[in-house]
Amino acid sequence: MNADPRDPSASDGQPRKIRTYSRGRAHRLENTVMSALVRAGVVPHTHLLTTRGRHTGRPRTNPVTVVRHDGRRWLVAPYGAVPWVHNARAAGHVRLTRRFRSHDYSVREISAHEAGPVLKHYVAVASATRDYFRAEKNAPAERFEAEAHLHPAFELEPLAPPQ
């Protein structure tokens, strides 16, 4: 875990230690297992995100947590600008699959101001990613807004009505 000594996010005034993401050896196996669980609909709020590789054009699939906030759907990259983020930015659209049902969405990357409340809600829903955020789950949305540049967030808009 790395700590940013300039970060006063901890409630005791001490810097909050945050984890930095790195793909480990078991990354592929973890994604395979998680993908099977998501396809079955066992993991709440989690979908399979498919993007087209911006260089290869091949489909890339990753499990992601989708949150609903203020009546809209949001996609958050808790680990930063990982490959799916670059692919989504380049394509402008993604496919989400859950329980063997797929839907296509356009993506709009949101501003830090918009992202603050979304990131706060995301941390409440996706507890496994809390250690990657400087702001603690009960921090005000402004703390999340301050670190929005570290966690890209996108609004999801359906491309076609679900069938």
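## Aromatic pairs

Across the whole structure, a search finds four aromatic pairs (ring centres of Phe, Tyr or the six-membered ring of Trp within 6.5 Å; planes under 30 degrees apart are stacked, over 60 edge-to-face, the rest tilted). This is a predicted model, where local features need pLDDT of at least 70 and side-chain atom pairs 80 or more, while totals for chains, interfaces and linings use all residues. Residues are numbered from 1 along each chain as its sequence is written, and side-chain values use heavy atoms, leaving out hydrogens and water.

Select tyrosine 79 and tyrosine 132: their ring centres are 4.7 Å apart and their planes at 80 degrees, so this pair is edge-to-face. Tyrosine 79 sits in the loop between β5 (72–76) and α2 (83–91), and tyrosine 132 in the loop between α3 (112–125) and α4 (141–146), so the pair ties together parts 53 residues apart in sequence. (Helices are DSSP runs of H or I, at least four residues, and strands of E, at least two, numbered from the N terminus.) Tyrosine 132 is buried at 11% relative accessible area, whereas tyrosine 79 is partly exposed at 34% (buried is under 20%, exposed over 50%, partly exposed in between, with a 1.4 Å probe and protein chains only).

Next, select tryptophan 84 and phenylalanine 154, a tilted pair with 6.1 Å between centres and 50 degrees between planes. Tryptophan 84 is in helix α2 and phenylalanine 154 in strand β8 (residues 153–158), so parts 70 residues apart in sequence are tied together. Both residues are buried.

Finish with Tyr122, Phe133 and Phe144, which form one aromatic cluster.
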